[in-house]
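The following exercises are to be worked with the sequence and the structure at hand. Each task is followed by a solution in steps.

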Amino acid sequence: MILIPCPNCGPRNASEFRYVGESIARPDPNSATQEQWRAYLYERVNPSGWTTESWFHRAGCGRYFKIERDTNSNEVRAVRLEPAAATKGES
Amino acid sequence: MSGRDRISRALTPVTGRLSGKPYKSIRNTLGKGTGEKRGQARYSAFDLFRRGFTKDPWPPVWREHELSSSYDVVVVGGGVHGLAIAYYLAHRHGITNVCVLDKSYVGSGGSGRNTAIIRSNYLTPDGVRFYDRSVKLYENLSAELNFNVMFSQRGHLTLAHNDSSLRTMRWRAEVNKLENIDSEVIGPEEIKKLVPYLDVSSEPRYPILGALYHPPGGIIRHDAVVWGYARGADTAGVHIHQNTEVVGINVSSGRVTGVRTNRGDISAPIVVNATAGWASLISNMVGVRMPITTSPLQAAVTEPVKPFLNTVVVSGSLHVYMSQTDRGELVFGASVDPFPSYSMRGSLDFIEGLASHVLELMPALSKMRVLRQWAGLCDMTPDYSPIMGFTPVEGFLVDVGWGTYGFKAGPVSGEAMAQLIADNKTPQIIEAFALERFGTGELLGEKGAASVGH
Amino acid sequence: MRLSLRPGEVIDRSRPLRFTWNGHDYPAFLGDTISSALAASGERVMSRSFKYSRPRGVLTADSLDPGCIVQVGDEPNVRASHRRVEDGMIASPQNVWPSLRFDVKVANRAVSRFLSAGFYYKTFMKPQRLWPAYEAVLKRFASGGVISNRPAAGYFDKRYAHPDVVVAGGGPAGMSAAVAAAEAGAQVMLVESEHELGGHLRWGGAHELSVLAELKAAVSATNSIEVLIDSVVAGRYDGNFLAILQRSLPGVTERLIKARAKTLIVAPGLIERPYVFAGNDLPGVMLSGAARRLINLWAVKPGTRAVVFTANSSGDAAAQDLEGAGVEVCCVEDARRGGDVVRASGSATLQSVECGDGRTYQCDLLVTATGWTAPTSLLNMAGDKPTYDERAARFFPCSLPEDVLATGGITGDGSLEQILEHAAHTGRLAAGRARVAGGRLRKGVPHAAPTDSPVAEEQSNAITALPVDAHVALFRGRTHGFVDFSEDVSSKELEAAVAEGYSSIELAKRYTTATMGSAQGKLEVVNAVAVVAAATESTITETGTTVWRPPYAPITLGALAGRTLEPVRYSPMQSWHEARGATPLVAGAWIRPDHYGNPTAEVRNVRSNVGLIDVTPLGKFDLRGPDAAKLLSQLYVNKWAKLAVGSVRYGVMCAEDGVVLDDGVTGRLSDDNYLMTATSSGADTLLEWAESWLQTEHPEWRVHITPVTSDFASINVAGPKSRTLLERLVENVDLSAEAFPYMRVRRGRVAGVEDCLMWRIGFTGELSFELHVPSSYGLHVWESLMEQGADLGIAPFGIEAQRILRLEKGHLIVGQDTDGLTRAYSAELDWAIKLDKEDFSGKPELSWQAERSDWPKLVGLRPEDVTVVPPEASQIVHDGAIAGRITSSRMSPTLGRPICLGLVAPHLAEPGTELSIVLPAGVRARAVVTEHLAHFDPEGQRLRG
């Protein structure tokens, strides 16, 4: 089992986490065309190699964060919390 | 071109087909394409017997060829889908100037890694009809290909462990019956008769409440299907190029002109992406973005024991399916891994979970030993249905997004895609699987059968 | 025959045992394996091969021995050359047709020419309907033992470990590496697959035995080494996660250790490779290691007259051992001087051997020592692609990741001293890398950055690689023989497969099944590659090798599963339900009462008196903060800004694709405090869903969401007499309809318990109060209600009654009356959807859905036949096509007729439309679309009462 480095809790077994998905920005719900919105819903780059993706630490701190992972080797680098957690940490 | 633009392009409803002309006229303009027929030994008990005495060697199942500089159709992916497309193009439509490319050996991808379960008890009428056609083709495949694919229609049980999955089983059974598919919901006593090793008591954490029983379902010798199609395609003149990897696809003014491979370039007006596991990567080469994520699906096999299980057993809630091969091995598979990856290395937690679920169903098996585990890549689509047919790039066709159900669909996909190429028109049986549905938001409803709702 | 005392023997002659083999009684000593005991009694045939029914005996005398796989009691496929005899053990051969001793060689020869690999692909094709009969014949060939249908006894255990260094292999290299690593400060696990440490030293001469004694002393003197014997590193997975199978434990059948190793040292030694020639599978033909093990470990004389075919020191030593054991060595055929063996012959067991120069020897033993296979399986799992060295005639590790090292025979040859030194150095390196990896883990960095890799600094201190000696490349001789013993695949069949076009090693493997048997290719793969290489006129390097897959050694399902841990959630009132004989319903993680005997009566009682249902599994969330309403507004299609303190509202939640995700009631308890409820099965998802909005899209919102499902016991009190009942128990809250109307929430004291929340909602369609009480008081409040309600006719009701009640009222259940494609407008939720909100989940899809009228609709259905309930999932057909389905249906005790909800095509959704429903028997039933989803009290007078 691979280790996912939670920015709060440190490296933990991947089974503690939920994979959320490829990092993809949410279009403006009021101006998005059907094409844009459905691309957001369904289309994925699905690259072979490094990708940026979101994970959720379900059995731990309950934080969403982003990692870069190599989809071939499953190596992980460059971890960062979603902005909320960072903001809350400061407040 | 930004990624977003490319996406929009993929989602634009497809109107531009292949220059508006049916394939056959294209073929005429390109010349060539006559199938070089050759004599080939027919397999038979008699010939086995004769060669047993005379020691005459068997002729090769398929031949090796130099890469031609052009083909009428290039099929990328030498699995059951790609080979079946080539086979039906040649045999049904006389289109023989065709090559099938595989970056490794034939059947090295999903076709050689799946658990070889065949069934048609899907949930949507579109799905049921499509897979039923495949079962019908499979039933006659040994005779058609003169290659025994060992289709064992031993029956297929999908277990329900809660009332909502029982309701889904009934739903499937009702739709199946209306489509004339042999499929019914049965209770624990009948289940026990079919599979004496199943624990149908109320003891387990998730007791067995019932099952969808599908008598025509079963297992097959997956490699034999691949080899049989390859042999049949080769006989009709199709070139099978193993160890030939596509590194790029040439597109000019919105239409395909050929592929680049590690062994040289090929020009071709039609390129079919019939890969599994690499469908996004091949489609990305022409800028067609796919609604696909690729995840490994793991499977394992035990050492053989004497026959004790004569039915395919599937439990959606416990994420396990299993069958016993004629050699005595228990083969089982799981649901796809929880995150996408192109790694086929396998994981420990998968096989632990699988073992515990197998033992929950059949507690007597704790001393059976796992001999091998492996993984195949599954291209998952949002609605658990494939993507077949035309794309915004003229001449670039797809037969992808096969998730965990690709092998079942090999023959019908080959037949339908060959028809599509020959007629330059989407056959009715695969209309529902067009790429456009993700642009219009009209997804198919197979997800309800594949994932267990609450 | 048993020899006199051997210096390294592992049997305890003072502890005689008896066991049964093939129905007969046999003696053994403690320490004997099943096959060593049988060999000591002169037995040579241990099994029949699976396809050609050829007799097979001891070949390797270790766990790989392909001909020594037996049934022990209920356990199939036991390795008889590894499993130790226990007193009273009942062992039997597995493939015994027609019998273990009967010689069917003549028949074999006649049949085998037609049973060449893959023959079944070429026949039995027509007619398809006869295939089951053919298949039944094929199945008779299934090999292996018998699995009984009794749950196997046994206790399987798991353990997590976080060792610095795991050493796979307890031979001289492994022991030396373990000691060095431990001395360098590492916590070490030393894993040996045999019953004792020592590897090949155990069956060596005096020098080897004295080195072994020293190594053992050093290992046991080192506290930080944990020795695991009869254990195997079965798999190496991403992140250096190791599966270690531990056996021979007191009280535990098998234990799976899941070790997150900082470094792994692979030191498995080498596997002796069989030689392929005619008759190489006859009992009496064995590898030099097998002969030496039988003689030196178990004091068994393996034959009386022997030919030794040797290409290396192991064969030379075997010849010496044989002579020392009183075996007449009639010929030593030395491959290094051009010697060869062409054919072994005999009926059932070996009788003569023909050498390369044509000489033939009468003998009952042929020992071959033709070379080694490197068991690189664990290295492959670590991503290595071992490369073939022609001079050494074996594969070597090529590029290992930083956390995996290799030592011992797998990396080279050399003297014992050189190997020990290499291993010690490797052990120190492993300890150093483990230290760096540990430091990284503590800092939270999962993988090495190129700059802080320890590998660079090791360059100055590089290991001197072991020398690689020249070995004669011996795979197949001049004749054809068996390549895969357990699969019964000969070199001739592999050649035939190549000639037919299955010309890559993977295709040839798949076609012939070579390397797919019990030894997982460890004995066979290099010979198979060599045969394919020769047949394709290419080199072994060009041919490559098959991919080794986990597990490294076969591992039981029991060990992998361990004890199944499936947590169950119960409400605080569970003991009460059990005492009242409630029928349990498994609902995801929860187990809850389905009914208490008669759900129909439960329904009637709610409609006429008062009933209680335990709804504790309802997902509950505490929302706090000034922006709580913004979060609600984002999650639900409804509006929340104007919900007054003390009020509750039913909300519907959609995913971004507009599909209904969840529903539930949320109440505003104070200005910035809400209690939100969700379906019990959706609760976990909902929390993550809400957090994703808070953490990724709206970090500026000030709101906390806390799951409080288990903080409250939840009880719904429903029925016309519910108010009367509660008035007896509730203090400080005015329960009158005016003071506490429908869709309001109050906080008060119930049965003496402070801080209970009361919601006036009505899923059942009756006047009802939902109580959320601190969970530790749940049983008290429940019992108080039952007691105080006795004269009101109170009775508990379960999930089944609730489903009937809500169906009478036309309340939908998300996931049952909706499915994975049902967008909110299809579920008759138009009234709730507020497209004028700035944003909410799924808004764009719903706004597009609102512009169209071609979506399916949820409708109420009234079957015409009042006696027949169309089962849920029955299909609705129109013009010969499926046009919808029944999503919910029950016989209504209140109305005395069947009631349904259905999802139907839009043109069939108009009230009054007659629909045709297909019943299970195939007959059609008619039903009419009703005006409302509710069949009972559509105006809601009762629940507002």
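Predicted model: local features only at pLDDT ≥ 70, side-chain atom pairs only at ≥ 80, totals over all residues.

Residues are numbered from 1 along each chain as its sequence is written, and chains are lettered from A and ligands numbered from 1 in the order in which they are written.

**Exercise 1.** Describe the make-up of chain B.

Solution. Begin with the helices (DSSP runs of H or I, at least four residues) and strands (runs of E, at least two), both numbered from the N terminus. Chain B has 14 helices and 19 strands. Next, consider burial: a residue is buried if 20 or more other C-beta atoms lie within 10 Å of its own, exposed if 12 or fewer, and partly exposed in between, with C-beta atoms placed from the backbone. Of the 454 residues in chain B, 66% are buried by this count. Finally, two residues are in contact if their C-beta atoms, placed from the backbone, lie within 7 Å. Among contacts in chain B with a separation of 6 or more, 77% link residues 24 or more positions apart.

**Exercise 2.** Determine how many residues of chain C and of chain B take part in their contact.

Solution. Chain C contributes 77 residues and chain B contributes 78. On the chain C side, helix H15 (residues 557–561) gives the largest share, 4 residues. That side comprises 33 nonpolar, 26 polar and 18 charged residues; here Ala, Val, Leu, Ile, Met, Phe, Trp, Tyr, Cys and Pro count as nonpolar, Asp, Glu, Lys and Arg as charged, and the others, Gly among them, as polar. Strands also pair between these chains, where pairing requires that DSSP finds at least two bridges. Strand S17 (residues 369–380) of chain B and strand S30 (residues 555–556) of chain C are antiparallel, with 2 bridges. B:Arg369 has C:Thr556 as its bridge partner.

**Exercise 3.** Identify which helix of chain C supplies the largest share of the side that touches chain A.

Solution. In this contact, 23 residues of chain C meet 27 residues of chain A. Helix H19 (683–697) and helix H23 (843–850) of chain C each supply at least two residues of the chain C side. The largest share, 7 residues, belongs to H19(C).

**Exercise 4.** Locate B:Tyr384 and C:Ala873, and decide whether each is buried or exposed.

Solution. B:Tyr384 sits in the loop between S17 and strand S18 (387–389) of chain B, and its phi is near 55°, a positive value in a residue other than glycine. B:Tyr384 is buried because 24 other C-beta atoms lie within 10 Å. C:Ala873 occupies the loop between strand S45 (857–863) and strand S46 (875–878) of chain C, with phi near 80°. C:Ala873 is likewise buried, since 22 other C-beta atoms lie within 10 Å. Most residues other than glycine have a negative phi.
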